[in-house]
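Biologist: I am new to this structure. Could you show me how to read it, one feature at a time?

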Amino acid sequence: ARGETVAVVGESGSGKSSLARVIVGLLPARTGAVKLHGATLAPDLKGRTRDELRKVQLIYQQPDVALNPRQTIGEIIGRPVEFYFNRSPAEVKTRVAELLRLVGLPEDYAGRLSTALSGGQKQRVCIARALAAEPDVIICDEPTSALDPEMVKEVLDTMVALAKDGMTMLCVTHEMGFARQVADRVIFMDAGEIVESNHPEAFFSRPRHERTRLFLSQILH
């Protein structure tokens with residue numbers, strides 16, 4: 001729903017990332033449909049309009065792979081602003097500064113290359129780039145899994161702030177604290193299927209499905 005944060009959890013190989021890729025059109029679904037505001041989206045990226053592409057943004061698992069090391073941070077974040085909104089260079093520069101502030105990075109980082117940033121900073125640049133498109137929904141595919149433990153918190157804090165601001169998000173995550181404290185709803189996947197969906201309090205304290213109970217017993221104890 002609009003403004004809802006949904007956490008998708010489950011064991012490795014359960015289909016969480018595949019679900020994220022189907023939604024954004026990177027992995028065309030064999031059956032079924034992806035709908036946004038009641039309208040069916042083309043199953044493949046190539047079949048979606050520019051505005052449909054803008055509305056659904058993905059934050060990748062590996063920030064090093066997602067960022068061009070030869071481009072400055074300003075160019076990386078500014079590209080969606082220019083591409084989707086046809087803003088002038090001055091307007092792009094102003095918007096990039098706003099987005100850097102939003103994700104907790106200094107404005108002067110716009111002139112740096114991504115290779116000069118830490119893993120946590122790179123992932124916050126990826127979040128800023130997604131926000132630059134002014135999307136209706138952000139899909140997060142385990143955005144902290146490739147980070148060192150000390151960098152996880154800074155990225156999660158940014159995501160928490162987005163959730164509080166009302167951004168609609170679907171987050172594939174292994175961070176149970178985030179799922180418990182921030183998500184409006186938690187979905188558990190097993191073997192490519194959603195087997196349980198519930199409010200965090202009920203999901204963690206009173207899981208209904210046997211596979212959910214087994215999963216939680218393994219990771220919470």
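Predicted model: local features only at pLDDT ≥ 70, side-chain atom pairs only at ≥ 80, totals over all residues.

Biologist: What should helix H6 span, and how far apart are its end C-alpha atoms?

Modeller: Count residues, then compare. H6 covers residues 119-132, which is 14 residues. At 1.5 Å a residue, it should span 20 Å. Its end C-alpha atoms are 20 Å apart, so the two values agree.

Biologist: How many residues of H6 are buried?

Modeller: The helix is mostly covered, with 12 of its 14 residues buried. Among them are Gly120, Gln121, Val125, Cys126, Ile127 and Leu131. Lys122 and Arg124 are buried too.

Biologist: What covers the buried residues of H6?

Modeller: Look at the neighbouring elements. The cover includes strands S4 (56-59) and S5 (137-141). It also includes helices H3 (63-66), H4 (73-85), H5 (89-102) and H7 (149-164).

Biologist: Now the rings. How many aromatic pairs are there?

Modeller: The count comes to three aromatic pairs. One of them joins phenylalanine 83 and tyrosine 84. Read two values: the distance between centres and the angle between planes. Here they are 4.9 Å and 80°, and the pair is edge-to-face.

Biologist: Which pair is tilted?

Modeller: Phenylalanine 188 and phenylalanine 215. Their ring centres are 5.1 Å apart and their planes lie at 45°, so this pair is tilted. Phenylalanine 188 belongs to strand S7 (residues 185-190) and phenylalanine 215 to helix H10 (residues 210-219), so the pair ties together parts 27 residues apart in sequence. Both phenylalanine 188 and phenylalanine 215 are buried.

Biologist: Which charged ends sit over rings?

Modeller: Check the distance to the ring centre. The charged end of arginine 50 sits over the ring of phenylalanine 83, 3.9 Å from its centre. The charged end of arginine 180 sits over the ring of phenylalanine 204, at 4.5 Å from its centre.

Biologist: How many salt bridges does a search of the whole structure find?

Modeller: It finds 11 salt bridges. In one of them, the side chains of arginine 211 and glutamate 11 meet at 3.6 Å, N to O. Arginine 211 is in helix H10, and glutamate 11 is in the loop between strand S1 (5-9) and helix H1 (16-24), so this bridge ties together parts 200 residues apart in sequence. Glutamate 11 is partly exposed at 30% relative accessibility. Arginine 211 is partly exposed at 28%.

Biologist: Which salt bridge joins arginine 211 to aspartate 190?

Modeller: One at 3.3 Å, N to O, between their side chains. Aspartate 190 lies in strand S7 and arginine 211 in helix H10, so the pair ties together parts 21 residues apart in sequence. Aspartate 190 is buried, with a relative accessible area of 19%. Salt bridges with shared partners join Glu11, Asp190 and Arg211 into one network.

Biologist: Where do lysine 153 and aspartate 157 lie?

Modeller: Start with the general idea. An α-helix has 3.6 residues a turn, so residues three or four places apart point the same way. Lysine 153 and aspartate 157 are four residues apart in helix H7, about one helical turn. They form a salt bridge, with the closest N and O atoms 2.7 Å apart. Lysine 153 is exposed at 55% relative accessible area, while aspartate 157 is partly exposed at 38%.

Notes: Residues numbered from 1 in each chain as written. Heavy atoms only, no water. Helix = DSSP H or I, 4+ residues; strand = E, 2+ residues; numbered from the N terminus. Expected span 1.5 Å × (residues − 1). Buried < 20%, exposed > 50% of the residue type's maximum accessible area, 1.4 Å probe, protein only. Contact = heavy atoms within 4.5 Å. Phe/Tyr/Trp six-rings, centres within 6.5 Å; stacked < 30°, edge-to-face > 60°. Lys NZ or Arg CZ within 6 Å of the ring centre and 35° of its normal. Salt bridge = Lys/Arg side-chain N within 4 Å of Asp/Glu carboxyl O.
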